[in-house]
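Here's a quick briefing to read alongside the coordinates. Have the viewer open and follow along by topic.

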Amino acid sequence: MEKICLITHVADADGAFPIILSKLIFQDVAIFSCETSEVDMVLKDVLSHHANYTKIYIVDINMSEEMANTIDEDISLREKIMVFDHHASNMHLNKYSFIKVVDSENGRKECGTTLFYDHLKKSFCNPILTKENLVTMIELIREGDTYDFTDELKQTVFQFGSLYAIFGRERYIEHFYRSILDNEVFSFSEMEKLLIELEEEKKHQYIEEKLKRVKIAKILGVVVGIVFAEQRRSILGHAMVEKLDIDIAIVVNVDRSVSYRANKENVDINVLAKHFGGGGHKHAGGSPLPEDLQEKICEYIFNDIEWK
Ligand SMILES: [Mn+2]
């Protein structure tokens, strides 16, 4: 019997949805969810027993040029592997016949899910692929992943997106797989509506609490707001630059890193992020923390401390 292999991005819903699609279309799929840095490793392992698979799909993620070269030299692999990716930084891999990287087409931004979906629709005449419910979900994923919003769906995109975090990846996949089979048209169930409402309330309270704790300061001449937080750092940073009289929002996660957010045309977070060993886009980025930060904090709090 035909067995399919799917390697997809572990990070978000655009990586999870291809799993749902493959479960709807194929009887037997081996699924590997991984980070970008792990693709080569996972693929090497899959290729060591590639005779087991009739097709190997890689979605929303890509391999290294070296790996692509190796595959390109073997005609049986070249015909078995198909990559659907939308990351502009991988555009150079389009020279390989088995890799398709599309950032946008006719002014419409693509994502891993849409590219894989279009391929399935062209290759398999399965009526489930044109079900209105599924078609709407695919568009919600696309807009959420690319920020290429339409006015009608924007709010629903954020609500649908929050269900990924609420359910967690495994439950999300199971839940929406069922939902596609059971419902013709997309709408939130009563349970989904309640979960979304509770999540919005929690988010709102968290942001309000954190905004009260922001310290305003100047770093390298830039007016900043600084706050400590481990969750929802992106939304918090946005709320800070919108509601406070600052140029850059700094959110410190003591366990991980520093994030920077800005929203003014004349402000680039890199003036701080790069200075502190990091970087990013103009309005969003990060920098690492000193490695001994937590020890230093403990020493400051407990001053007479003996490390074991
Ligand atoms: Mn994506």
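This is a predicted model: local features need pLDDT of at least 70, side-chain atom pairs count only at pLDDT 80 or more; totals for chains, interfaces and linings use all residues.

The chain has 308 residues, and 29% of them count as buried.

**Overall layout**

- You'll find twelve helices and 13 strands in the chain.
- The C-alpha trace spans about 65 × 45 × 45 Å along its principal axes.
- Looking at contacts with a separation of 6 or more, 55% come from residues 24 or more positions apart.
- The chain splits into domain 1, covering 4–187, and domain 2, covering 210–295.
- There are 32 Å between the C-alpha centres of domain 1 and domain 2.

**Helix α6 and its partners**

- Helix α1 (residues 13–25) and helix α6 (residues 132–146) have axes that come within 10 Å and cross at roughly 155°.
- That angle is over 145 degrees, which means α1 runs roughly antiparallel to α6.
- As for handedness, the crossing of α1 and α6 is left-handed.
- The residues that meet here are Ala13, Asp14 and Phe17 from α1, and Ile141, Gly144 and Asp145 from α6.
- Helix α6 also packs with α7: their axes come within 9 Å and cross at roughly 90°.
- Since 65 to 115 degrees is the perpendicular range, α6 ends up roughly perpendicular to α7.
- On the α6 side of that contact sit Leu140, Glu143 and Gly144, and they meet Thr156, Val157, Phe160 and Gly161 in α7.
- Gly144 turns up in the α1 contact and again in the α7 contact.

- As background, most residues other than glycine have a negative phi.
- You can find Tyr147 in the loop between α6 and α7 (154–167).
- Asn106 is another non-glycine residue with a positive phi, near 50°.
- Asn106 sits in the loop between β6 (104–105) and β7 (108–109).
- Asn106 counts as exposed because it has 4 C-beta neighbours inside 10 Å.

**The six-stranded sheet**

- Six strands make up an open sheet with mixed pairing, in the order β8-β9-β10-β11-β13-β12.
- At the edges are β8 (215–219) and β12 (279–280), each pairing on one side only.
- Inside the sheet, β11 pairs with strand β13 (residues 284–288) in the antiparallel sense, over five bridges.
- In general, strands of a sheet pair through backbone hydrogen bonds, either parallel or antiparallel.

**Helix α10 and what covers it**

- Helix α10 (residues 233–243) has these buried residues: Arg233, Leu236, Gly237, Ala239, Met240 and Val241.
- Which elements cover the buried residues of α10? They include helix α9 (190–212) along with strands β9 (222–228), β10 (248–252) and β11 (257–261).
- Strands β9, β10 and β11 also belong to the six-stranded sheet, so α10 is covered in part by strands of that sheet.

Note on methods. Residues are numbered from 1 along each chain as its sequence is written. Helices (H or I, at least four residues) and strands (E, at least two) are DSSP runs, numbered from the N terminus. A residue is buried if 20 or more other C-beta atoms lie within 10 Å of its own, exposed if 12 or fewer, and partly exposed in between; C-beta atoms are placed from the backbone. Two residues are in contact if their C-beta atoms, placed from the backbone, lie within 7 Å. Domain bounds come from an automatic or database domain assignment. Two strands pair if DSSP finds at least two bridges between them. Axes are lines fitted to C-alpha atoms, for helices over the stretch in contact, and angles run from 0 to 180 degrees between N-to-C directions. Angles under 35 degrees count as roughly parallel, over 145 as roughly antiparallel, 65 to 115 as roughly perpendicular and the rest as oblique. A crossing is left-handed if the near helix is turned anticlockwise from the far one by less than a right angle, and right-handed if clockwise.
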